[in-house]
Amino acid sequence: MNQEPERKLLERLLLSPRVEGDRLMLADAVLLAAIDASHPLNSAELAALRASPLTLRRFRQLAIERRGAARAANDDTWSGSAGMLRAASGGADLARLLTDDGHWTLHFVAHDDDWRLILSLDAAAPFAARLLREQAILRVVDGGGAILLQGRLDADGELECGWRFDGAPASHFQQCGACFAVEPVPA
């Protein structure tokens, strides 16, 4: 059953109302963060989006532009990957986190009375060879923007450092929005 006409009609109904005095209620940066799932909209931001057709139209336009700018899955360009803590750990220590695209894994290894953090790149990632060849500087940031680790990948596609924060990684991620991102560091 083709639901495309119904989807287009619903989209037109959502975007067509005009509200007197309407203005953009959310900045592009907030909308883009919601689109790429690096910062989900909180209840106030979601209410502002629903109450402002102009903001909703801008959100839609940014989503269309983002989708149009997305490269093919086998393209070797890469501008970052995001991931999040998916479920409660059930009392067990956090062992690893994956990015949503599946290209990066953060491993958490207990070491004496401390932790080691290891970022590893999936060798099958379309951009893996280019990143290793160019020896790009990468960083991993938590949901609060704190840098967890930064540096260049080794020949095996890994980057390792000590855990710089108090407490276990699971509690840190839960306090920082349960999300993280792997990003290239601008030159």
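These questions and answers look at how the labels used for this predicted model follow from its computed values.

Q: What makes up the secondary structure of the protein chain?
A: The chain has six helices and eight strands. From the N terminus on, the order is α-α-α-α-β-β-β-β-α-β-β-β-α-β. Buried residues account for 31% of the 187 residues.

Q: Why is W104 called buried?
A: The label needs a relative accessible area under 20%. W104 has 0%, so W104 counts as buried.

Q: What makes W78 buried or exposed?
A: Exposed would require over 50%, buried under 20%. The value for W78 is 13%, so W78 is buried.

Q: Why is the pair of W78 and W104 called tilted?
A: Ring centres must lie within 6.5 Å to pair. Here the centres are 5.3 Å apart, so the rings qualify. Stacked means planes under 30 degrees apart, edge-to-face over 60.

Q: What parts of the chain does the pair of W78 and W104 link?
A: W78 sits in the loop between α4 (53–69) and β1 (81–84). W104 belongs to strand β3.

Q: Why is the pair of F108 and W163 called edge-to-face?
A: The centres are 6.1 Å apart, within the 6.5 Å limit. The planes stand at 85°, over the 60 degrees required, so the pair is edge-to-face. F108 lies in strand β3 and W163 in the loop between β7 and α6, so the pair ties together parts 55 residues apart in sequence. Both F108 and W163 are buried. By the ring rule, the count comes to five aromatic pairs.

Q: How do you know that the buried residues of α3 line one face?
A: In helix α3 (residues 43–51), E45, A48 and L49 are buried. Viewed down the axis of α3, the buried residues fall within an arc of 100°, so they line one face of the helix. An α-helix has 3.6 residues a turn, so residues three or four places apart point the same way. On the other side of α3, S43, A44, R50 and A51 are exposed.

Q: What makes H172 buried or exposed?
A: H172 is found in helix α6. Its relative accessible area is 8%, under the 20% cut-off, so H172 is buried. Leaving out residues up to four places away in sequence, H172 touches D142, L148, W163 and F165.

Q: Which residues touch the most other members of the largest nonpolar core?
A: They are W104, L106, F108, L149 and F173, in a core of 29 residues. Strand β4 gives the largest share, four residues. Apart from this core lies another, of five residues, including L31, A48, L49 and L62.

Q: What share of contacts joins residues at least 24 apart?
A: The share is 55%, among contacts between residues at least 6 apart in sequence.

Notes
Residues are numbered from 1 along each chain as its sequence is written. This is a predicted model: local features need pLDDT of at least 70, side-chain atom pairs count only at pLDDT 80 or more; totals for chains, interfaces and linings use all residues. Side-chain values use heavy atoms; hydrogens and water are left out. A nonpolar core is a set of buried Ala, Val, Leu, Ile, Met, Phe, Trp, Tyr and Cys residues joined through side-chain atoms within 4.5 Å. Buried means under 20% relative accessible area, exposed over 50%, partly exposed in between (1.4 Å probe, protein chains only). Helices (H or I, at least four residues) and strands (E, at least two) are DSSP runs, numbered from the N terminus. Rings of Phe, Tyr and Trp (its six-membered ring) pair if their centres lie within 6.5 Å; planes under 30 degrees apart count as stacked, over 60 as edge-to-face and the rest as tilted. The arc is that of the directions from the helix axis to the C-beta atoms. Contact means heavy atoms within 4.5 Å.
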